[in-house]
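Hello,

Here is the structure I promised to pass on to you. Have a look at it first, and then read on for what turned up.

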Amino acid sequence: MVTSIVLAAGESKRMGEIKQLLPWEDKTIIESVVFNLIRCQYIKEIRVVLGANYEKIKPIFSNISEKKIKVLINENYKNGMITTVWTGLKLLPKDTEYILFTLGDMPLIRTATYNQLMTELIKSKPPILAPTYMGCRGHPLIVHKTFVPDIFKLNGPGGLRNLLKLYPEKINYLEIEDEGILIDIDTPEEYEKYKH
């Protein structure tokens with residue numbers, strides 16, 4: 001089973017407003033990310049980890065009648081993204097084999113991309129799987145559950161990149177025809193450029 005963790009606890013400082021709630025197609029950015037995951041049949045649970053502004057963001061999930069979704073709150077979000085990762089990993093479903101980490105500001109990653117990664121996961125059972133677009137590594141990052149103790153030992157800036165530095169030989173890369181794996185919406189300029 002694959003459990004997905006959506007990292008969405010940031011303060012949106014560069015955007016100047018709550019980017020998770022900005023309109024995107026007929027939804028918000030965070031809803032678009034979550035719905036692209038919902039449509040991926042292989043993902044059994046979607047854990048959305050909120051932090052800054054959670055009291056404003058959380059209510060939108062009460063309108064989504066989808067049993068896969070679990071909303072978690074990281075009270076320590078000011079201490080870095082790794083604390084959001086840790087919050088998402090606590091009390092994982094017992095049948096979790098892989099964890100898929102994605103960002104709450106990457107609505108351009110297509111459901112087809114998630115499905116492609118899941119197909120590769122089933123076929124080759126890699127320890128760590130990461131997509132690339134034109135040779136550049138993007139999101140999501142998928143790791144086997146055996147790395148969870150290592151993740152809880154990570155510290156400082158860099159988040160999960162530090163895990164990749166520890167185990168470069170364990171990473172399988174999959175080239176994907178989806179530039180969306182590289183694009184997160186951090187600034188008003190990026191939002192204007194990419195919004196749907």
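Threonine 96 sits in the loop between α3 (81–89) and β6 (98–103); helices (H or I, at least four residues) and strands (E, at least two) are DSSP runs, numbered from the N terminus. Threonine 96 counts as buried because its relative accessibility is 3%. Here buried means under 20% relative accessible area, exposed over 50%, and partly exposed in between, with a 1.4 Å probe and protein chains only. The side chain of threonine 96 makes a polar contact with the side chain of threonine 3 at 2.8 Å, and it also reaches the backbone oxygen of proline 93 at 2.8 Å. A polar contact is a pair of N or O atoms within 3.5 Å; within protein, one must be able to donate a hydrogen and the other to accept it, and residues adjacent in sequence count only if both atoms are side-chain atoms. Leaving out residues up to four places away in sequence, threonine 96 touches Met1, Thr3 and Lys145, where contact means heavy atoms within 4.5 Å.

Before going further, a word on the source: this is a predicted model, in which local features need pLDDT of at least 70 and side-chain atom pairs count only at pLDDT 80 or more, while totals for chains, interfaces and linings use all residues. Residues are numbered from 1 along each chain as its sequence is written, and side-chain values use heavy atoms, with hydrogens and water left out.

Now to helix α3. It is largely enclosed by the rest of the structure, because 8 of its 9 residues are buried. Those buried residues are Ile82, Thr83, Thr84, Val85, Trp86, Thr87, Gly88 and Leu89. Their cover includes β1 (2–8), β4 (43–50), β5 (69–73), β6 and α5 (148–153). Just after α3, leucine 91 takes a positive phi of about 55°.

What about the nonpolar interior? The largest nonpolar core has 56 residues, and those with the most contacts inside it are Val48, Phe61, Phe101, Val143 and Ile151. A nonpolar core is a set of buried Ala, Val, Leu, Ile, Met, Phe, Trp, Tyr and Cys residues joined through side-chain atoms within 4.5 Å. A second, separate core of 8 residues includes Trp24, Ile29, Leu108 and Tyr191. Setting aside neighbours within four places in sequence, phenylalanine 101 is in contact with Ile5, Val85, Leu89, His139, Pro140, Leu141, Val143, Ile151 and Leu160.

Strand β9 runs antiparallel to β6, joined by 4 bridges, and antiparallel to strand β7 (residues 128–133), joined by 2 bridges. Two strands pair if DSSP finds at least two bridges between them. Isoleucine 99 stands opposite valine 143 in β9, and leucine 129 has isoleucine 142 in β9 as its bridge partner. In the loop between β8 (136–137) and β9 you will find proline 140; the peptide bond from histidine 139 to proline 140 is cis, with omega near 5°.

Helix α4 (residues 111–124) has 14 residues and reaches 20 Å from its first C-alpha to its last, close to the 20 Å expected at 1.5 Å a residue; the expected span is 1.5 Å times one less than the number of residues. Among the buried residues of α4 are Tyr114, Leu117 and Leu121. Asparagine 115, also found in helix α4, counts as partly exposed because its relative accessibility is 24%. Not counting residues up to four places away in sequence, asparagine 115 touches Cys40, Gln41 and Tyr42. Just after α4, lysine 125 takes a positive phi of about 45°.

Two loop residues also have a positive phi. Asparagine 53, in the loop between β4 and α2 (54–57), has a phi of about 60° although it is not a glycine. Methionine 134, in the loop between β7 and β8, has a phi near 50° and counts as exposed because its relative accessibility is 67%.

Finally, how many disulfides does the structure hold? It holds 0, a disulfide being a pair of cysteine sulfur atoms within 2.5 Å. Cysteine 40 counts as buried at 0% relative accessibility, whereas cysteine 136 counts as partly exposed at 41%.

Best wishes
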